[in-house]
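Biologist: Show me the model, please. Then I will ask what stands behind each label.

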Amino acid sequence: IKVHTGTTENHIVQLDLRPLKLTGFQSEAALRQCGVTLNRNALPFDTEPPLIASGLRLGSAAVSTLGMGPTEMAEIASIIALVLQNLTPSLAKSGQPSKREFQIAASVQAEAVQRVRSLLDRFPVYPTLDLPLLEQRYLPS
């Protein structure tokens, strides 16, 4: 994966997914299913339309606000790599690889979800909320 970094002030990283034959659309959707939120992003000289894109854009603001540091950033990068390396484009009706649909093994998705949960258990988004109470009251049984 080619990595393009932004300035040190904004801590933005762009991943070029073309070597993996994946689109930003597929990668963003698969990572979101695994609990990782980021954005697909058009790259310089991108041949894909902006809604599909060939890259991902990652920012560090959210995770650093939670108090995560280099160790947690390395774990997040490892989770992203796990998902992307195990992501396969589905075939479209034309027989060509889809730019939107994908397949990922349930075991890979489960591992990624567990690792994300482990991080968020240590760095909760809203530490003062009584999450068990909210889940009991508002989530269906």
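Modeller: The structure holds seven salt bridges. This is a predicted model: local features need pLDDT of at least 70, side-chain atom pairs count only at pLDDT 80 or more, and totals for chains, interfaces and linings use all residues. Residues are numbered from 1 along each chain as its sequence is written, and side-chain values use heavy atoms, with hydrogens and water left out.

Biologist: What makes Glu 75 and Arg 115 a salt bridge?

Modeller: Their closest N and O atoms are 2.8 Å apart. The definition asks for a side-chain nitrogen of Lys or Arg within 4 Å of a carboxyl oxygen of Asp or Glu. The pair therefore qualifies. Glu 75 lies in helix H3 and Arg 115 in helix H4, so the bridge ties together parts that are 40 residues apart in sequence. Helices (H or I, at least four residues) and strands (E, at least two) are DSSP runs, numbered from the N terminus.

Biologist: Why is Arg 115 called buried?

Modeller: Its relative accessible area is 15%. Buried means under 20%, exposed over 50%, and partly exposed in between (1.4 Å probe, protein chains only). Arg 115 therefore counts as buried. Glu 75, with 24%, is partly exposed.

Biologist: Which residues touch Arg 115, leaving aside its neighbours within four places in sequence?

Modeller: Glu 75, Ser 78, Ile 79 and Leu 82 are in contact with Arg 115, meaning heavy atoms within 4.5 Å. Ile 79 and Leu 82 are among the buried residues of H3.

Biologist: Is Glu 28 buried or exposed?

Modeller: Buried, at 10% relative accessibility. Arg 32 is partly exposed at 44%, and Arg 40 likewise counts as partly exposed, at 26%.

Biologist: How do you know that the charged end of Arg 100 sits over the ring of Phe 25?

Modeller: It lies 4.6 Å from the ring centre. The rule needs NZ of Lys or CZ of Arg within 6 Å of that centre and within 35 degrees of the ring normal. Arg 100 therefore counts as sitting over the ring.
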